[in-house]
Amino acid sequence: MLQVEKVSVSYGSIRALDDVSLEARDGKFTVILGANGAGKTTVVKALAGLVPLRQGLVRVDGREVSSDVEMRPRLGIAIVPERRQLWHDMTVEEHLVLGAYRSYSGWQKLRRTLTREVSPRIEEILEQFPVLRSRFSQRAGTLSGGEQQMLALARAMSSGPKMIVLDEPTVGLSPLMVEGVFVNLQKWTSTGGAVLLAEQNAEAALHFADYGYVLQQGKVVAQGEGAKLREKGLLEAAYLGSGDL
Ligand code: ATP
C-alpha cells in the first residue's frame, strides 16, 4: 500500500499541495481527480521525488520513504510520467528490457538473467498489449500517441512493480484508446497491484476506479468509492468544493 500523509508542496510562494492525505491500496484502482491546476501532477512529482515535500510523509507498505526517493522503486513503485517520456530512438523491445532493470542489481546480472527471467515477463506483457508485439522492433518516436502510451504503461509493468502511479495517461487519446488504458490498469489491479491514477477525465476514470479523491487548489475536497463519486451531482459538487462524500 502507498500512503501520502499530510503532504504539502510549494513552488516558491505557490502552495501546490496543502495537507494532502491519500492512499492507494493493493488490488485497488484509485484515482486523483481535479480541474487544471488542482495539484494532480504535483502529487505524482512528489511521489517520483521530483519536488521536495515541504511537510508530510510518504509510506510504502508501512515503511517511511519520505526522504529516500531511491528506495521507492526498490519497494515496487513505478511512475508513468506526464507526456510519457519515452526514448524516441529506442525500440519497443529496448524499452521493455530497460523497464525490467529495476528488478536486478546491475547490468551484468540483467544480461545473464535476460533469457531466463525477463523474456517470459516481456512475453506476458505482450499478451496484454498485443499492439506492441506487432511494433516490437519499431522505434518509440515513430509510434502513434496511443501506442506510445501503451508502451509507457508496458515499460512500467515490465519492472514487476507492486504499485503504478500515472499522470494523465489518456491525454490526447481516442475514447477507444482511453478505455484500453483503463482496462489494462484494471486487469493489473486484479492481480493484486495498486494503481494511483491522476486524471482529468473524471467520467471515464470513475467508470473503472474503486476509490477516488478530488483535489481543488491543492486540497482534497472530496473522496469516496468510485460508484459513489459517479452518482449524479456529487462529482460536480465535489469540483465546486463540497466536503467528504
Ligand atoms: P493539469 O491538469 O492542468 O496538469 P494539475 O492538477 O496537474 O493540472 P499541477 O501541475 O500539479 O496541477 O499544478 C498545481 C499548481 O502548482 C498550479 O497552480 C500550477 O500553476 C502550480 N505549479 C506547477 N508547477 C509549477 C512550477 N514549476 N512553478 C510554479 N508553479 C507551479
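The model is predicted, so to speak plainly about confidence: local features need pLDDT of at least 70, side-chain atom pairs count only at pLDDT 80 or more, and totals for chains, interfaces and linings use all residues. Residues are numbered from 1 along each chain as its sequence is written, and side-chain values use heavy atoms, with hydrogens and water left out.

**Who surrounds the ligand**

- There are 14 residues around the ligand, and Asn 36, Gly 37, Lys 40, Thr 41 and Thr 42 come nearest; a residue is near if one of its heavy atoms lies within 4 Å.
- Strand E2 (14–24) and helix H1 (40–48) each give at least two residues to this shell, and H1 gives the most, with three.
- Helices (H or I, at least four residues) and strands (E, at least two) are DSSP runs, numbered from the N terminus.
- Sorted by class, the shell has five nonpolar, six polar and three charged residues; Ala, Val, Leu, Ile, Met, Phe, Trp, Tyr, Cys and Pro count as nonpolar, Asp, Glu, Lys and Arg as charged, and the others, Gly among them, as polar.

**Polar atoms facing the ligand**

- Backbone N or O atoms lie 3.1 Å (Ala 38) and 2.9 Å (Gly 39) from an oxygen atom of the ligand.
- Thr 41 uses its side chain instead, with an N or O atom 2.8 Å from a ligand oxygen.
- The ligand has 640 Å² of accessible area on its own, and the protein covers 63% of that (Shrake-Rupley method, 1.4 Å probe; for residues, only the protein chains shown count as cover).

**The pocket**

- The ligand sits in the second largest pocket, meaning more than half of its atoms lie within 2 Å of the pocket's grid points.
- A pocket is an open set of points on a 1 Å grid over the protein atoms alone, where a 1.4 Å probe fits, with protein on both sides within 12 Å along at least five of seven lines; lining residues have an atom within 4 Å of a point.
- About 150 Å³ of space lies in this pocket, counted as the space filled by probe spheres set on points joined across faces, edges and corners.
- Its lining has 13 residues, and Asn 36, Gly 37, Ala 38, Gly 39 and Lys 40 are closest to the centre.
- H1 supplies the largest share of the lining, three residues.
- The lining divides into two nonpolar, eight polar and three charged residues.

**Ser 10 and its partners**

- Ser 10 belongs to strand E1 (residues 2–11).
- Its side chain makes polar contacts with those of Arg 15, at 3.3 Å, and Arg 54, at 3.4 Å.
- A polar contact is a pair of N or O atoms within 3.5 Å; within protein, one must be able to donate a hydrogen and the other to accept it, and residues adjacent in sequence count only if both atoms are side-chain atoms.
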